[in-house]
Amino acid sequence: MIKTIIVVGGGIGGTMTANNLVSKLYPEVSRGEVRVMLISNSPWHYYKPAFMYVAFGAYAKNDLRRQQASLLRPEIDFVLDQVDGFEFKNSCLKMRSGVSYDYDYLVVSTGCIPSPERIEGLQEAGDHFYQHDPARKLYEKISTIEKGRIFIGVTFPTTPNVPHQCGMAPLETTLLLDEFLRKRGVREQIELVYSYPSVAQLHQNALFLQKNTAEMLPSMFDARDIRYKRSFTLASVDPERKIAFSAEGEEENFDILIQTPPIRAVDAVLNSGVSQAPNNEGWLPTDRYSLQLEGFENVFVMGDTVDLPIGKAGGSCHSQSPVICDNIAGLLRWGKAEARYEGLVQAVAQMGMDAGIPLWYNYEQEAMPSPATKIGSLMCKGFNRGLYWSVARGLA
Ligand SMILES: Cc1cc2nc3c(=O)[nH]c(=O)nc-3n(C[C@H](O)[C@H](O)[C@H](O)COP(=O)(O)OP(=O)(O)OC[C@H]3O[C@@H](n4cnc5c(N)ncnc54)[C@H](O)[C@@H]3O)c2cc1C
């Protein structure tokens with residue numbers, strides 16, 4: 001009987017995995033024994049990292065998105081609909097349109113949702129660049145501010161050892177902002193402060209989650225006259241007085257507050273009843289090696305929806321996708337899921353407009369940052385401008 005594999009989510013994780021599944025299982029797909037379906041609730045695929053550049057006036061909307069269907073191999077059935085119910089026990093999806101889909105294997109790659117409303121006053125008074133429209137709004141502010149104080153902060157999920165989305169983005173933005181304000185000729189009149197929370201993660205009281213990267217930051221900030229503050233965990237914001245209050249009992253005034261917002265899983269995942277994450281964050285309990293949903297051999301989780309101690313990044317999806325494809329192929333062909341994900345995350349950090357650092361790390365080893373170079377920046381730009389779409393198509 002024909003086996004159905006459903007991938008939910010037309011972001012980077014789901015798109016590359018649907019394409020990679022067809023490549024991996026091509027003999028079965030071409031004989032009509034396996035059907036691959038991708039379900040997404042948007043006709044568009046957004047290149048999310050580019051939202052950071054939108055905050056600096058770059059990228060029109062059409063430069064950072066493609067029609068979802070155009071990124072998929074022709075063998076994939078693309079369904080534009082929303083999953084409202086994950087019924088893992090019955091291997092069934094309940095859709096917004098009213099139909100249901102049964103599956104033999106499922107991949108969940110539904111991402112996460114920025115949720116500033118989870119911190120009192122942040123929605124009203126804060127800015128961020130993790131979605132298109134907020135990034136555009138931030139651009140309007142930073143391109144007109146003449147003097148004052150910009151305070152940058154990072155919020156982590158409450159779930160222990162689960163990081164925020166894209167670990168480098170707040171740091172990258174701080175460096176880009178410094179350059180941007182210098183080009184505008186207003187940097188001397190604007191105090192720039194980068195802060196980092198007291199987190200329950202690996203290193204306390206640091207400026208970054210990983211030790212090696214944290215250690216290189218003070219000299220980098222000092223050279224640019226960027227002030228920095230450790231142990232500032234945003235607890236609430238007073239929008240009237242423009243003051244940010246920390247859980248540690250401190251307060252900071254601002255003219256612009258750029259805050260990495262709290263994040264959570266999408267509603268259908270939150271409501272699936274499977275997550276044990278605190279604070280209703282919804283991360284799915286994921287086997288750190290096989291990437292199977294705990295307790296469900298035929299369900300795999302990837303990308304921003306996992307509860308793993310690795311970056312919520314496209315660079316994680318890139319390493320998770322082949323493992324999931326190997327494990328689904330293994331289960332289909334000989335009943336075993338033997339491929340292991342070792343926590344590999346790869347990225348190139350943009351350390352200013354013309355400098356970049358390639359980084360990689362895994363469960364065992366932290367990233368070893370090297371000096372920022374122009375070649376690193378070219379890697380970033382090449383990825384931003386074109387290579388990303390090849391990765392999504394499963395070609396790189
Ligand atoms: C500003 C910014 C900068 C970043 N920089 C980097 C970087 O430099 N390097 C890096 O590696 N990563 C970076 N990231 C992170 C990266 O974009 C994400 O980690 C990645 O997109 C996660 O992929 P995903 O497939 O898990 O989810 P997403 O890409 O978010 O895709 C989720 C998909 O699921 C769909 N969906 C959601 N719910 C449902 C539902 N109920 N039914 C059907 N479909 C649904 C959505 O429409 C979407 O298509 C950055 C992110 C941002 C926002």
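Ala, Val, Leu, Ile, Met, Phe, Trp, Tyr, Cys and Pro count here as nonpolar, Asp, Glu, Lys and Arg as charged, and the others, Gly among them, as polar. On that scheme, the shell around the ligand divides into 11 nonpolar, 16 polar and 4 charged residues. This is a predicted model, in which local features need pLDDT of at least 70, side-chain atom pairs count only at pLDDT 80 or more, and totals for chains, interfaces and linings use all residues. Residues are numbered from 1 along each chain as its sequence is written, and side-chain values use heavy atoms, with hydrogens and water left out.

**Ligand site**

- The ligand is surrounded by 31 residues, and the closest are Asn41, Lys48, Ser109, Asp304 and Gly315.
- Asp304 places a polar side-chain atom 2.8 Å from a ligand oxygen atom.
- The protein covers 90% of the 1000 Å² of accessible area that the ligand has on its own. Areas come from the Shrake-Rupley method with a 1.4 Å probe; for residues, only the protein chains shown count as cover.
- The elements giving two or more residues to the ligand shell are α1 and α9 (314-334). Helices (H or I, at least four residues) and strands (E, at least two) are DSSP runs, numbered from the N terminus.
- Domain 1 (3-112 + 265-343) and domain 2 (116-260) both give residues to this shell, so the ligand lies between them. The domain bounds come from an automatic or database domain assignment.

**Helix α1**

- Helix α1 covers residues 12-24, and its 13 residues should span 18 Å at 1.5 Å a residue. The expected span is 1.5 Å times one less than the number of residues.
- The end C-alpha atoms of α1 are 18 Å apart, which agrees.
- In α1, 11 of the 13 residues are buried, so the helix is largely enclosed by the rest of the structure. Buried means under 20% relative accessible area, exposed over 50%, and partly exposed in between (1.4 Å probe, protein chains only).
- Among the buried residues of α1 are Ile12, Gly13, Gly14, Met16, Leu21 and Val22.

- Tyr59 has phi near 65 degrees, a positive value in a residue other than glycine. Tyr59 is found in the loop between α3 (51-54) and β4 (65-67), and counts as buried at 11% relative accessibility.
- Asn279 has phi near 60 degrees, again positive in a residue other than glycine. Asn279 lies in the loop between α8 (267-270) and β20 (292-293), and is partly exposed at 46% relative accessible area.

**Charged residues**

- Glu28 sits in helix α2 (residues 26-30) and counts as buried at 12% relative accessibility.
- The side chain of Glu28 makes a polar contact with that of Arg333, at 2.7 Å. A polar contact is a pair of N or O atoms within 3.5 Å; within protein, one must be able to donate a hydrogen and the other to accept it, and residues adjacent in sequence count only if both atoms are side-chain atoms.
- Lys141 belongs to helix α5 (residues 132-142) and is partly exposed at 31% relative accessibility.
- Glu120 is in the loop between β10 (113-114) and α4 (122-125) and counts as exposed at 61% relative accessibility.

How values were computed. Near = heavy atom within 4 Å.
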